[in-house]
2 protein chains.
Amino acid sequence: MYTQSVQALIDELGRLPGIGPKSAQRVAFYLLKIDQTDALRLAESITAARLNSTWCRICFNISDSEKCEICRDPKRDQSIICVVEEPKDIVAIEKTREYNGLYHVLQGSLSPMDGVGPDQIRVKELLIRLGNEKVKEVILCTNPNLEGEATAMYISRLLAPTGISATRIASGLPVGGDLEYADELTLGRALEGRRPI
Amino acid sequence: MYTQSVQALIDELGRLPGIGPKSAQRVAFYLLKIDQTDALRLAESITAARLNSTWCRICFNISDSEKCEICRDPKRDQSIICVVEEPKDIVAIEKTREYNGLYHVLQGSLSPMDGVGPDQIRVKELLIRLGNEKVKEVILCTNPNLEGEATAMYISRLLAPTGISATRIASGLPVGGDLEYADELTLGRALEGRRPI
């Protein structure tokens, strides 16, 4: 019932993550309703982001050149690598201003149920990197969920024989949180990870 | 922290309806991760839909030419016009296969709170159309919510002096629904609209 080009647009939008058929329709009509320049700017930004972006060949962060901004920066501590699942995790960590080392983006986490094993994420590349660079510590900063924990555990085992220290980010109560509303698992981890004050 | 082109993409995606900052980020990374041809196809479909689409100058449906497919079709009943808020409503009605007349898309509904008065929707165009064509009935098929009801009421008053019959779609229980779960307003409407069997 839609014209061919509108139906094609709805189909393409419906393929995006978190966008169902109804949202795809709504977004499509929105794009038809707004100023043409605004609609075309979205198309151009997709094309530009896609054509200008590549993965940093060192850490696999998103980059506009072979080496990303962080890997290019000589002021960053080269002896520590923070391992994350996705580029967006780097943004979150950088916002804390607590970390000045390098990163390594796995581009996923181990999830045998979804067919994601060690070969589907950038573990091999991490090991090669550790062989070449003078790294003293690897912070395993994968998500504190099932897949992230399994991935951290897997990498920590690989690192055991190398003598490089592997650390895991702390689990516990969120700052500003409330004991009453914490789930048992988180509260248990918080107790387990208690530190002298 | 993102490269300029990636940040621009996230910003553009975040402007779409129903897409918050987190979804925008997720969609952007998805577009960077999938095959380049797939990502560029989305950009092309936006451009194509936008450049190939216009509003039918008769009924204001989306169209690939001056007159939409329905207005061009001589087999449709020219004596009846179904007034809807959005082009997607036409698709919903066409799916019922119960209607063979023409349409008129208001491209909105009256909502004084949002600054949408009669001049912001295509009411004037409807009246001009009714003056020119031999229309016997106008079905007011706006949404059964506050704005849709107000819009239907407003148009029905405009039509009163013309002698054209104005009808409103029925409100009532959805087919397959359950009395127990119906809200009082809907159940009240269903009782009020009862018909002999």
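Trainee: How far apart do the C-alpha centres of domain 1 of chain A and domain 2 of chain A lie?
Mentor: They lie 34 Å apart. Domain 1 of chain A covers 4-52 and domain 2 covers 72-168. Those bounds come from an automatic or database domain assignment.

Trainee: What should I know about the model and its numbering?
Mentor: This is a predicted model: local features need pLDDT of at least 70, side-chain atom pairs count only at pLDDT 80 or more, and totals for chains, interfaces and linings use all residues. Residues are numbered from 1 along each chain as its sequence is written, chains are lettered from A and ligands numbered from 1 in the order in which they are written, and side-chain values use heavy atoms, with hydrogens and water left out.

Trainee: What rotation superposes chain B on chain A?
Mentor: A rotation of 180°, with 0.0 Å of shift along its axis and an RMSD of 0.1 Å. The two copies are therefore related as by a two-fold rotation axis. The superposition is by least squares on the C-alpha atoms of residues with pLDDT of at least 70 in both copies.

Trainee: Which C-alpha in chain B is nearest the axis?
Mentor: That of B:A43, 2.1 Å from the axis. Both copies use the same surface: 100% of the contact residues of chain B recur in chain A. Contact means heavy atoms within 4.5 Å.

Trainee: New topic. How many disulfides are there over all chains?
Mentor: A search of the whole structure finds 0. A disulfide is a pair of cysteine sulfur atoms within 2.5 Å. For A:C56, the nearest cysteine sulfur is that of A:C59, 3.8 Å away.

Trainee: Is B:C82 buried or exposed?
Mentor: Buried, with a relative accessible area of 2%. A:C56 is buried too, at 0%. Buried means under 20% relative accessible area, exposed over 50%, and partly exposed in between (1.4 Å probe, protein chains only).

Trainee: Now strands. In which sense do β5 and β6 of chain B pair?
Mentor: In the parallel sense, over 4 bridges; β5 is residues 137-140 and β6 is residues 165-168. Two strands pair if DSSP finds at least two bridges between them. B:E137 has B:S165 in β6(B) as its bridge partner. Helices (H or I, at least four residues) and strands (E, at least two) are DSSP runs, numbered from the N terminus.

Trainee: What unit do β5(B), α7 and β6(B) make?
Mentor: A right-handed β-α-β unit, with helix α7 at residues 146-159 of chain B. Right-handed means that, with the strands pointing away from the viewer, the path from the first strand over the helix to the second runs clockwise.

Trainee: Where is B:G163 found?
Mentor: In the loop between α7 and β6 of chain B. B:G163 is exposed, at 65%.

Trainee: And what does B:S79 touch?
Mentor: Not counting residues up to four places away in sequence, B:S79 touches B:K134, B:V135, B:K136 and B:E137. B:S79 is in strand β3, residues 77-84 of chain B. B:S79 and B:K136 are 57 residues apart in sequence, but 5.3 Å apart in space, C-alpha to C-alpha.

Trainee: Last one. What is phi of B:F60 near?
Mentor: It is near 65°, a positive value in a residue other than glycine. B:F60 sits in the loop between β1 (54-55) and β2 (62-63) of chain B.
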